[in-house]
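Let's take a walk through this protein together. Keep the 3D view open and follow along as we go.

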Amino acid sequence: MSRTVIGIVMNGVTGRMGYRQHLVRSILAIREQGGLALDDGEVLWPEPILVGRSAPKLKEIADRHGLEHWTTDLDEALSHPLAQIYFDAQLTQVREPAIRKAIAAGKHVYTEKPTAESLDAALELARLARAAGVCNGAVQDKLFLPGLLKLKRLVDGGFFGRILSVRGEFGYWVFEGDWQTAQRPSWNYRAQDGGGMILDMFPHWRYVLDNIFSPVRSVYAHTATHIDERWDEQGAVYQATADDAAYGVFELDGGIVAQINSSWAVRVDRDELVEFQVDGTEGSAVAGLRNCRIQHRAATPKPVWNPDLPATEPFRSQWQQVPDNEEFDNGFKVQWELFLTHVVTGAPYRWDLLEGAKGVQLAELGLRSAAEGRRLDVPDLEI
Ligand SMILES: NC(=O)c1ccc[n+]([C@@H]2O[C@H](COP(=O)([O-])OP(=O)(O)OC[C@H]3O[C@@H](n4cnc5c(N)ncnc54)[C@H](O)[C@@H]3O)[C@@H](O)[C@H]2O)c1
């Protein structure tokens, strides 16, 4: 059994996503399981090379996890003899120049979404990566969540018959930061810092809809900044300039209508922080992050509208849980494992920078739709 060390320059590991989901739950988890075993018996051993702005923070993370390599200099990290992959979980705004640098240095690229702040920039990154012949990927973690995997299983198994509509509810209350600290970074609420609900969540909705149902063909979005004053990490008050809610309607191939409400100013009366209800001619499902419940055509009740009588049907209990039938690993880790395998063996990998650019496209069109108050077509993308 041979062991291949693969150096990964990890930028943004002092942040929420970079640290928790990518470093700890993915790369370090792969090391804890003894590396990533490939079909031919080879074992991949990911070696993180941490890079960021704050030396003390990087050193503290490296010490905590017994990691050897860290630096505040991106060029130095990219020229490290082990470095083969560049990973970016920085603030969206500073991503593009770093990815350009990594591609120019001949590194494979894997990045958080949105891959860039504009469609032009996202497409340019995809083009540059293709021209340089480097492997490239964009995080599309929701596709690897148990609830959505079960939903995909239902679609693939023909459970729904003809799919009519998808209703998504995403959101929770993000504290303003005055009397209780906010649970998300303040840049998310400032448009000038790359924040906003559409830019954050429409990239997710694009790959969820495209991959689980069918390609998105049009978008209509209405945005709001419901809470216009918030308090930052230092306790200073600031003006929230970005949308904190987006109400979107998307038409998909095959006439499916998807409607997704996304809000950081909503209190949760759901089982999970995101839920999608899918209605089809043969059955319906409600999928969340982990769970998925179904109601078949044959088990559909026949309620009669009568406001004079109290509701007697226990609607919530008329659904059946979809069983796991397999073990689900962390979604970020699963996607990392597929990307690492792709880099080393050339195995196919669908979720590349062009797919990432589609997410940026939907965000850009969503923002334009909201500004102009009209529905916009979503054209095919090419590079
Ligand atoms: N896949 C997902 O589900 C998901 C969820 C949340 C965020 N994200 C994406 O991950 C990225 C990071 O989000 P986060 O919530 O971890 O943010 P965060 O604020 O917690 O982390 C930002 C990181 O970028 C670094 N950074 C570099 N230059 C910076 C600058 N000029 N100003 C501020 N920070 C700078 C910070 O040091 C930190 O390491 C964003 O692009 C976001 O869209 C993805």
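A polar contact is a pair of N or O atoms within 3.5 Å; inside the protein, one atom must be able to donate a hydrogen and the other to accept it, and residues adjacent in sequence count only if both atoms are side-chain atoms. Before we use that idea, note that this is a predicted model, where local features need pLDDT of at least 70, side-chain atom pairs count only at pLDDT 80 or more, and totals for chains, interfaces and linings use all residues. Residues are numbered from 1 along each chain as its sequence is written, and side-chain values use heavy atoms, with hydrogens and water left out.

Let's start with the ligand. A polar side-chain atom of Asp 141 sits 2.9 Å from a nitrogen atom of the ligand. Arg 95 also uses its side chain, with an N or O atom 2.8 Å from a ligand oxygen. With Leu 91, it's a backbone N or O atom that lies 3.0 Å from an oxygen atom of the ligand.

Next, the helices. Here a helix is a DSSP run of H or I with at least four residues, numbered from the N terminus. Axes are lines fitted to C-alpha atoms over the stretch in contact, and angles run from 0 to 180 degrees between N-to-C directions.

Look at α5 (residues 119–132) and α9 (residues 353–372): their axes come within 8 Å and cross at roughly 175 degrees. That makes α5 roughly antiparallel to α9, a label for angles over 145 degrees, while under 35 is roughly parallel, 65 to 115 roughly perpendicular and the rest oblique. Nonpolar means Ala, Val, Leu, Ile, Met, Phe, Trp, Tyr, Cys and Pro; charged means Asp, Glu, Lys and Arg; the others, Gly among them, are polar.

Helix α9 also meets α7 (residues 197–213), with axes within 7 Å and a crossing at roughly 125 degrees. So α7 and α9 are oblique to each other. On the α7 side you'll find Phe 202 and Arg 206, among others, and α9 brings residues including Lys 358 and Gly 359. By class, that's seven nonpolar, three polar and three charged residues.

Definitions and conventions
Helix = DSSP H or I, 4+ residues; strand = E, 2+ residues; numbered from the N terminus. Contact = heavy atoms within 4.5 Å.
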